[in-house]
Amino acid sequence: MAVKEFRLVDICDLITCGVAKRPDYFETGIPFLSSKNVKKNTIIFNDFKFISEEMHHELTKKNKPERGDILYTRVGSFGEAAVIDFDDEFSIFVSLTLIKPKKDIVYNYYLMQFLNSELTRNLAKNSTTGSGVQNLNVNVVREFKIPIPSYQSQIHIANILTKAENLIAQRKESIRLLDEYLKSTFLEMFGDVRTNSKQFPLVQIGEKLDLITYGLTVRPEYVDEGIPLISAREIRSGKLNYNGAPKISFSDFEKLTEKGKPRKGDILFSKTGSIGHCALIETDQVIAITQNAARLTFKSDINPIFALYYLRDTYIQKLANNTAKGNAVRDLQLGDFKKFKLFLPPISVQTQFAQIVEKTEALKAQYQQ
């Protein structure tokens, strides 16, 4: 049987925004929530103002937020919905939309999941107005189309999505803890980068590089299918973003010297604009780089995974940014970078750390998938 679509206004008793005029605030009283207090699936009770009880009763005569209602952000961070799952009293600012679903037609958590879906978030994004702070008009929200299956199906769908989101949240927390574990393991094995607390021999980074260079200074023509061209932007996450990179033709790639063709085991270090991000090339995928990315090839007595975590240290990141030159677009000169200090643990210890990283990254990959 086909699932029928309804306008949101037809399956709700009320869709309205909060008060537009800022009331007087007090040290204590009734919480006054705004869009910053609502995130996907969650209402956050911190960083809010208080209003008087008298003002609260005045503001909520006709549209009092109640358990089971939905709060939906419409200004600034727009398009995020959460069900009110408590009985505490509060009022809302104009940056929030209050939605009261018709309980005999639509399950509130199903509606919340629909509003938080990528489809509806994109619809909300494309429906905003305003030149400065974007806002999502309540009348637009009322016209949103929503598919309504049977009530039992709605409950089933909402429960599945809630379980999936809980699992995703757990996995994200596990990934975060694994990242913290690697940072603490590096600190335990090698000590503080800034002070060289374990008193390893010190050299300049340039002494331990077989190659340090950067990529294309003139942008070639981009193509739909071809060789990924990696810039500082594709390094920001700490992993190379091959799919998001622009492409150049194979013939243009072939014109590059070997210096412009990074290989597996090299580290790419962002040297212009967003300075200090770095990533290890972990595959044999063919890529090219721009002048915003430095290519680092370390000598055989430096494990590239150890070098990667050394360069990711907060001290090195700050040093890189403080050393960069320029006003509009800041750039870290490779000559200055080569003078940065690098301590030299035994290669056996570096390798031991690299093995720990590889095992941990494999576990992270499972969680991410």
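Buried here means under 20% relative accessible area, exposed means over 50%, and partly exposed is anything in between, with a 1.4 Å probe and protein chains only. The structure is a predicted model, so local features need pLDDT of at least 70 and side-chain atom pairs count only at pLDDT 80 or more, while totals for chains, interfaces and linings use all residues. Residues are numbered from 1 along each chain as its sequence is written, and side-chain values use heavy atoms, with hydrogens and water left out.

Two loop residues come up first. Gln199 sits in the loop between α5 and β12, where helices (H or I, at least four residues) and strands (E, at least two) are DSSP runs numbered from the N terminus. Gln199 counts as exposed, at 64% relative accessibility, and has a positive phi of about 60° despite not being a glycine. Asn196 is found in the loop between α5 and β12 (202-204). Its phi is near 50°, again a positive value in a residue other than glycine, but Asn196 counts as buried at 7% relative accessibility.

Next comes helix α10. Its 22 residues (347-368) should span 32 Å at 1.5 Å a residue, and the end C-alpha atoms are 31 Å apart, which agrees; the expected span is 1.5 Å times one less than the number of residues. Gln350, Phe353, Ala354, Val357, Thr360, Glu361 and Lys364 are the buried ones in α10. These cover an arc of only 140° around the axis, which puts them on the same side of α10; the arc is that of the directions from the helix axis to the C-beta atoms. Over on the other side of α10, Ser348, Lys359 and Gln366 are exposed. The buried residues of α10 pack against α5 (151-190) and α7 (304-312). Gln350, for one, is buried with a relative accessible area of 0%. Contact means heavy atoms within 4.5 Å, and with neighbours within four places in sequence set aside, Gln350 is in contact with Phe190, Asp301, Ile302, Asn303, Phe306 and Pro345.

As for α7, seven of its nine residues are buried, so this helix is largely enclosed by the rest of the structure. The buried set in α7 is Ile305, Phe306, Ala307, Leu308, Tyr309, Tyr310 and Leu311. Asn303 caps the N-terminal end of α7, with a side-chain oxygen 2.8 Å from the backbone nitrogen of Ile305.

In soluble globular proteins, nonpolar side chains tend to be buried together. A nonpolar core is a set of buried Ala, Val, Leu, Ile, Met, Phe, Trp, Tyr and Cys residues joined through side-chain atoms within 4.5 Å. The largest nonpolar core has 38 residues, of which Ile267, Phe269, Leu296, Phe298, Tyr310, Leu311 and Phe337 touch the most other members. Helix α7 gives the most to this core, with seven residues. Apart from it lies another core, of 25 residues, including Ile99, Tyr107, Ala124 and Val141.

Finally, the cysteines. There are zero disulfides in the structure, a disulfide being a pair of cysteine sulfur atoms within 2.5 Å. The sulfur of Cys12 is 15 Å from the closest cysteine sulfur, in Cys17, which is too far for a bond. Cys12 is buried, with a relative accessible area of 6%, whereas Cys17 is partly exposed, at 23%.

Conventions: A polar contact is a pair of N or O atoms within 3.5 Å; within protein, one must be able to donate a hydrogen and the other to accept it, and residues adjacent in sequence count only if both atoms are side-chain atoms.
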